Amino acid sequence: MTGRIELPQGTVDLLILRTLVTGAQHGWAISERVQQVSSEVLSIQQGSLYPALHRLERRGWIKARWGTSDNNRRAKYYELTRTGHKQLEAETEAWRKLSTAVEQVLEGA
Amino acid sequence: MLDDLRYRVRALFHRNELEIDLDEELHFHFDREVQKHIARGMSQEEARRMARMAFGGHEQVKEDCREARGTNFIELTMDDAKYAIRQLIGNPTFSIIMILTLALSIGANSAIFSVINGVLLKRLPYPEADRLVRVFLSSHEFPKFPLNPWDFLDFRARNHSFESIAAFTRGDVQLSGEGEPVKLNGFGITSGYFRVLGLQPELGREFDFQSEIPGNGLQVIISDRLWHSSFGADPGIIGRKITMNMQPFTIIGVMPAGTEHPGNEYHSVAYGESVDVWWPFSFGGNSNQRGSHFIEGIGRLKSGVTAQQARSEMNTIMAQLGREHPDGDAGWSVLVIPLYNEVVGASRQMLLVLLGAVGIVLLIACANAANLLMARASARQREIAVRLAMGAPRLRVVRQLLTESLLLSFLGGALGLLFAFAGVRALVALLPSDFPRANDIHVSWPVLLFTLAVSLATGILFGLVPALQASRTDPKDGLQKSTRGTTAGKHQNRLRSALVMAEVGLASVLLIGAGLMLRTFLNLIHLDPGFKQDHLLTATLSLPNAQYKKGEQIANFYERLMASLTALPGVESAGAGSDLPWTGYDENTGLTIEGRKPAPGEGFHTRYHMATPGYFKAMGIPLLHGRFFTDADKDGSPGVAIINHAMAQKYWPGQDVIGKRMSFHDDPQKDSDWLRIVGVVGDVKDQPNSPGAEPAYWWSENQAPQRDMSVALRTTSDPRQAIDELRQAVRQLDPGLAVADVKLMNELADSSISTPRFTFVLVGLFAGLAIVLAAMGAYGVISYTVGQRSSEFGLRVALGAQRGDLLRMVLAQSAKLAVPGTLIGVILALSLSRVVRGLVYNVSPTDPLVITAVVLLVLFIALLASYMPARRAASIDPMTTLRTE
């Protein structure tokens with residue numbers, strides 16, 4: 001648990017969008033998946049996950065529908081919209097630029 | 001964008017549903033978390049504890065989700081607004097000018113709209129008022145005339161168009177025994193009058209058909225106001241006897257407050273709560289005599305029946321009556337006019353013209369605001385370029401700029417509303433006293449909504465083009481170059497010049513309108529009414545039937561009153577007449593003229609009055625031929641008449657009329673059937689703006705005594721000083737008489753021109769505001785271009801141009817805006833001339849004098865507006881301007 005990093009809001013959005021590329025997921029699965037893929041380093045707390053989901057939904061980047069989960073319970077599934085895809089591309093691009101630049105600065109210093 | 005809106009609207013309206021969904025979603029998450037921990041070998045309890053820890057505050061999460069749902073738009077708007085407020089505060093002169101000009105024009109619009117709303121838009125205060133109509137007769141000679149009582153009864157019996165129909169006629173009463181005797185506005189009404197209006201007495205009942213039978217008439221319905229003022233709102237008033245016209249009347253009903261008189265034509269009383277007493281009209285006499293017309297019809301149409309349908313049915317009935325009673329009923333047709341048109345019809349055009357005028361002011365203010373915004377946008381080009389370069393989308397910049405203009409327009413609207421409150425009060429005070437529905441004029445909810453809508457529309461109208469323009473700034477250009485001389489600048493200059501031209505044009509239209517109203521007003525003031533209004537005190541008296549039964553008693557009373565009034569110091573002459581000019585009197589009669597036969601199917605008609613010997617002198621009506629009445633023209637001596645010039649012209653053109661004879665008998669036999677004309681007097685105009693006078697003659701009061709008379713006193717000094725003496729003189733003769741309507745004739749005359757004055761003052765005000773705004777616009781554009789061209793001017797001076805040349809250059813530029821602008825204005829005004837035709841008097845709507853004066857004035861003002869910038873251009877120091885480049 002000690003290795004985990006508190007994520008800024010924009011990054012949470014990016015991670016959610018990226019996670020949904022593979023298909024519709026409910027909130028719990030999204031947070032599990034992020035944690036798993038980042039080798040337990042990144043974790044989205046519920047406190048920031050659900051507000052982020054609602055915000056993204058309002059912006060029209062993701063849409064929600066109710067479905068049945070693998071353990072046969074009603075669950076809210078989120079999936080990327082077309083604008084969401086575009087937004088993901090744009091934000092990934094911006095993130096790459098930023099991280100490269102930060103990397104360079106760190107290297108240079 | 002649309003998704004966003006839909007989401008937010010849903011969030012707003014399906015709040016509960018969303019909350020339940022959210023709860024379920026969060027629980028699902030929680031349970032999965034617990035399951036995960038259990039799968040890893042924890043106990044149920046420990047797993048739940050872990051999950052709860054990880055989850056944080058359940059409510060906090062929910063709160064955050066709610067916030068994420070939709071406050072974003074509002075937040076953004078708040079940001080924009082905050083930024084806009086900073087901008088406005090940072091530029092106080094600009095902001096104050098913008099807000100003030102917008103406030104003045106929005107306020108003026110709201111004030112005029114208050115009047116329109118109260119007078120034209122608000123329903124009349126009767127249930128289903130659109131079914132109420134007025135019924136008149138019409139003939140070749142009398143286009144709009146009251147009904148004959150017997151015709152009315154036949155209409156009532158035979159029609160199928162009306163749910164109910166009633167008639168009413170003016171008959172003021174004198175109430176005594178309750179303090180000082182007072183004269184009250186009263187109407188005789190047929191049974192069902194209030195049912196037609198849809199009104200119920202608050203106490204008692206309405207008159208029934210029994211009360212229409214002669215002898216049953218001593219009943220009365222009183223107004224709520226009279227009930228309070230004279231009877232202390234006594235709840236047991238019904239059945240009480242009161243003394244009216246010296247006779248005992250029984251109160252059978254009290255009408256509630258807000259019972260508005262629907263207005264009437266014959267001896268008219270203005271629309272409104274202007275009537276205090278209603279008594280039963282009774283049908284007596286010979287039902288075959290249908291020549292006298294003095295009651296007015298009002299009806300409630302059956303639902304689904306139009307006024308037009310009712311009219312054609314009534315005309316069918318009238319045609320039957322014409323066959324049944326060819327003497328009195330042939331040659332008439334029936335008018336059925338919606339009550340609304342009767343009440344407000346005359347004011348409608350004037351109000352709509354005013355609305356148009358004030359709308360033009362608002363357009364000019366918009367053009368002006370757009371102009372100022374564009375001038376400022378070019379100063380802010382650098383700021384906008386920076387924002388664009390930082391990646392702000394254009395829409396965002398437009399939105400920001402629009403927020404600024406909306407902020408300005410709403411601030412202007414709010415301040416304008418304050419102006420409107422004050423303005424409406426001033427407007428109502430300025431309104432003619434008989435203006436319909438003046439009491440309904442308030443700044444009310446519809447006015448607030450109107451102001452809100454106008455502010456919004458204004459903000460978008462003047463803000464959108466400059467905002468779009470500014471957002472087209474090329475970030476590179478905006479950052480690299482200074483604000484001068486960009487290509488966008490040139491485009492903008494053209495747009496701004498066009499705006500100024502439009503402003504000048506619209507202002508010219510209003511100025512031409514104001515000029516026409518001014519001439520109309522002056523024409524009316526300088527009109528010779530045919531009598532002298534100054535130093536003239538007037539009052540009305542009515543002698544009660546009960547005490548003054550015989551004609552000689554009446555004649556005797558007025559003779560003695562005139563004698564005592566004439567003897568008063570300070571009174572030059574005194575007289576009494578059946579009426580005063582311009583008070584709505586309209587009594588007509590058919591007549592026989594000795595030695596002349598009317599064309600078949602037509603007759604001789606004329607208006608008639610009564611007068612005492614001193615009347616003409618007191619009124620200042622000049623004698624053209626013959627003599628005035630004398631005390632010798634009394635009962636028993638040969639009948640005499642005085643006619644006016646118009647009557648002499650009509651019936652005896654080119655002849656000496658003195659000694660000619662006329663009669664009211666269809667077939668005069670005896671000498672005493674005839675009246676001999678002894679004098680011709682000058683015409684008194686029917687209305688101040690009438691082209692002439694109706695043919696009319698006067699009886700001698702001594703020979704045709706009349707109970708209701710108007711007294712006229714011509715005084716040597718202020719006529720107000722004679723008021724007490726007049727009351728005193730009347731009291732000495734009969735302490736039970738009320739002296740009513742004590743007025744100065746010039747007040748009466750004044751109120752008759754108050755409508756044109758109202759129009760003139762308002763259109764003048766609006767025109768003044770318009771030209772100031774247009775001048776500001778011209779000044780703004782000229783001084784801006786002078787600023788832009790300062791280096792060019794500097795260069796010219798350096799190359800030897802004279803200061804006068806620069807001055808002329810700038811003034812010429814101003815003329816280039818003003819001349820086409822004025823031209824547009826004149827063309828617009830000419831094409832609108834039809835609109836004002838009904839509002840002008842003795843001046844053509846295309847009056848060349850007015851148009852020329854306005855053109856010169858506008859050009860002068862345009863040059864004046866550009867004189868300051870021109871002076872600045874001429875005083876440019878070439879060294880400093882060239883160095884800055």
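In this predicted model, B:Asn245 sits in the loop between strand E8 (241–244) and strand E9 (247–254) of chain B. Its phi angle is near 50 degrees, a positive value in a residue other than glycine. Is B:Asn245 buried or exposed? There are 21 other C-beta atoms within 10 Å of B:Asn245, so this residue is buried; the cut-off for that label is 20 or more.

B:Asp741 can be read alongside it. Phi of B:Asp741 is also near 50 degrees, again a positive value in a residue that is not glycine. The place of B:Asp741 is not a loop but strand E23 (residues 740–744) of chain B. B:Asp741 has 16 C-beta neighbours inside 10 Å and therefore counts as partly exposed.

A further residue of chain B to look at is B:Arg134, which lies in strand E1 (residues 132–138) of that chain. Because B:Arg134 has 23 C-beta neighbours inside 10 Å, it counts as buried. Which residues does B:Arg134 touch, leaving aside those up to four places away in sequence? They are B:Glu296, B:Gly297, B:Ile298, B:Ile337, B:Leu339 and B:Glu342. Position in the sequence and position in space are separate matters: B:Arg134 and B:Leu88 are 46 residues apart in sequence, and their C-alpha atoms are 57 Å apart in space.

Burial can also be followed along a helix. In helix H7 (residues 149–158) of chain B, the buried residues are B:Pro149, B:Trp150, B:Asp151, B:Phe152 and B:Phe155. What covers these buried residues of H7(B)? The cover includes strand E2 (162–170), strand E11 (296–301), helix H10 (307–324) and helix H11 (326–329) of chain B.

Next come pairs of helices. Two packed helices are described by the angle between their axes and the distance between the axes. Helix H23 (residues 754–788) and helix H27 (residues 848–874) of chain B have axes that come within 8 Å and cross at roughly 25 degrees. H23(B) and H27(B) are therefore roughly parallel to each other, the limit for that description being under 35 degrees. The crossing of H23(B) past H27(B) is right-handed. On the side of H23(B), the residues that meet the partner are B:Ile771, B:Ala775, B:Ala778, B:Tyr779, B:Ile782, B:Ser783 and B:Val786. On the side of H27(B), they are B:Ile861, B:Ala862, B:Ala865, B:Ser866, B:Pro869, B:Arg872 and B:Ala873. Sorted by type, the residues of this contact between H23(B) and H27(B) are eleven nonpolar, two polar and one charged.

A second pair is made by helix H18 (residues 551–566) and helix H21 (residues 723–733) of chain B, which pack at an angle of about 140 degrees with their axes 10 Å apart. That angle makes H18(B) oblique to H21(B). The crossing of H18(B) and H21(B) is right-handed. H18(B) contributes B:Phe557, B:Arg560, B:Leu561, B:Ser564 and B:Leu565 to the contact, and H21(B) contributes B:Leu726, B:Ala729, B:Val730 and B:Leu733. The residues of the contact of H18(B) with H21(B) divide into seven nonpolar, one polar and one charged.

Strands pair in another way. Strands of a sheet pair through backbone hydrogen bonds, either parallel or antiparallel. In chain B, strand E15 (residues 588–593) and strand E16 (residues 604–611) run antiparallel and are joined by four bridges. Across this pairing, B:Leu591 stands opposite B:Phe604 in E16(B). E15(B) also pairs with strand E19 (residues 661–663) of chain B, in the antiparallel sense over two bridges. Here B:Ile593 stands opposite B:Met662 in E19(B).

Chain A can be taken as a whole. Chain A holds four helices and three strands, and along the sequence they follow the pattern α-β-α-α-β-β-α. Its C-alpha atoms fill a box of roughly 55 × 35 × 20 Å along the principal axes. Of the 109 residues in chain A, 30% are buried. Among contacts in chain A between residues at least 6 apart in sequence, 53% join residues at least 24 apart.

E2(A) pairs with strand E3 (residues 74–80) of chain A in the antiparallel sense over seven bridges. In this part of the sheet, A:Gly67 has A:Ala75 in E3(A) as its bridge partner.

Technical notes: Residues numbered from 1 in each chain as written. Chains lettered and ligands numbered in written order. Predicted model: local features only at pLDDT ≥ 70, side-chain atom pairs only at ≥ 80, totals over all residues. Buried ≥ 20, exposed ≤ 12 C-beta atoms within 10 Å, placed from the backbone. Contact = placed C-beta atoms within 7 Å. Pairing = 2+ DSSP bridges. Axes fitted to C-alpha atoms, helices over the stretch in contact; angles between N-to-C directions. Parallel < 35°, antiparallel > 145°, perpendicular 65-115°, else oblique. Left-handed = near helix turned anticlockwise from the far one by under 90°. Nonpolar A, V, L, I, M, F, W, Y, C, P; charged D, E, K, R; others polar.
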